[in-house]
Amino acid sequence: ESRRYFDLMLDHTRRMQHLLDDLLTLSRLESADHTLQDESVNVPDMAQALKAEAESLSRGRHRIGLQLGSAAWLKGNLQEIRSALGNLVSNAVRYTPEGGDIALVWSERNGEGVFSVTDTGEGIAAEHIPRLTERFYRVDRSRSRETGGTGLGLAIVKHVLTRHGARLEIRSTLGKGSTFSAVFPAGRIITPSDKLVRLPAQRAAG
């Protein structure tokens, strides 16, 4: 009996820690002193790491796939982009029933970079979609408690994308699933040709 109560206390403590971490992240993103530090972000490698994390979080309960339709990188803040995309992936695992499918896709569309996460979960009614990025907004409060979410994940995603001039697109059908896409502007795309180092021509022998 004591063990059961200690496990319950540990579970609530972890949830509180996650909530504090997310609140601190939001506070940092909103700070006027927190300027965006651009660097080259290897999105294909990041996508591979996110797939591995999703598999660990899923523990075999879902089929998780990854499609790399682009070799492009991004210009932006590595930690922030990692946090935003990681939130999209972890949400898909949390809200997709056992036996469902989750697909991660990195591609280019009309010159923009698109990282999409598609799931076969329960889907979201149209009236909820415009409010999903609000802090603590819940479509189903009882289900959110079961999954351990803080209600701040999509708010963090929106802030990160806004800071990068990007946007979040959400498509969902009740009973069929959802697709969350982080769409980065063309100005933040680093193509493979941009990364090539041009060597000086060698002088002819003799």
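Q: Where is Gly121 placed?
A: Gly121 sits in the loop between strand 5 and helix 4 (141–147). Helices (H or I, at least four residues) and strands (E, at least two) are DSSP runs, numbered from the N terminus. This is a predicted model: local features need pLDDT of at least 70, side-chain atom pairs count only at pLDDT 80 or more, and totals for chains, interfaces and linings use all residues. Residues are numbered from 1 along each chain as its sequence is written, and side-chain values use heavy atoms, with hydrogens and water left out.

Q: Why is Gly121 called buried?
A: Its relative accessible area is 5%. Buried means under 20%, exposed over 50%, partly exposed in between (1.4 Å probe, protein chains only). Therefore Gly121 counts as buried.

Q: Which residues is Gly121 in contact with, leaving aside its neighbours within four places in sequence?
A: They are Tyr95, Thr96, Pro97, Gly175, Lys176 and Gly177. Contact means heavy atoms within 4.5 Å. Lys176 is 55 residues away along the chain, yet the two C-alpha atoms are separated by 6.4 Å.

Q: What makes a set of residues a nonpolar core?
A: Its members are buried Ala, Val, Leu, Ile, Met, Phe, Trp, Tyr and Cys residues joined through side-chain atoms within 4.5 Å. The largest such core here has 35 residues, and Leu74 and Phe115 have the most contacts inside it. Helix 3 gives the most to this core, with seven residues.

Q: Which residues does Phe115 touch, leaving aside its neighbours within four places in sequence?
A: Among them are Ala47, Leu50, Leu85, Val89, Trp106 and Phe180.
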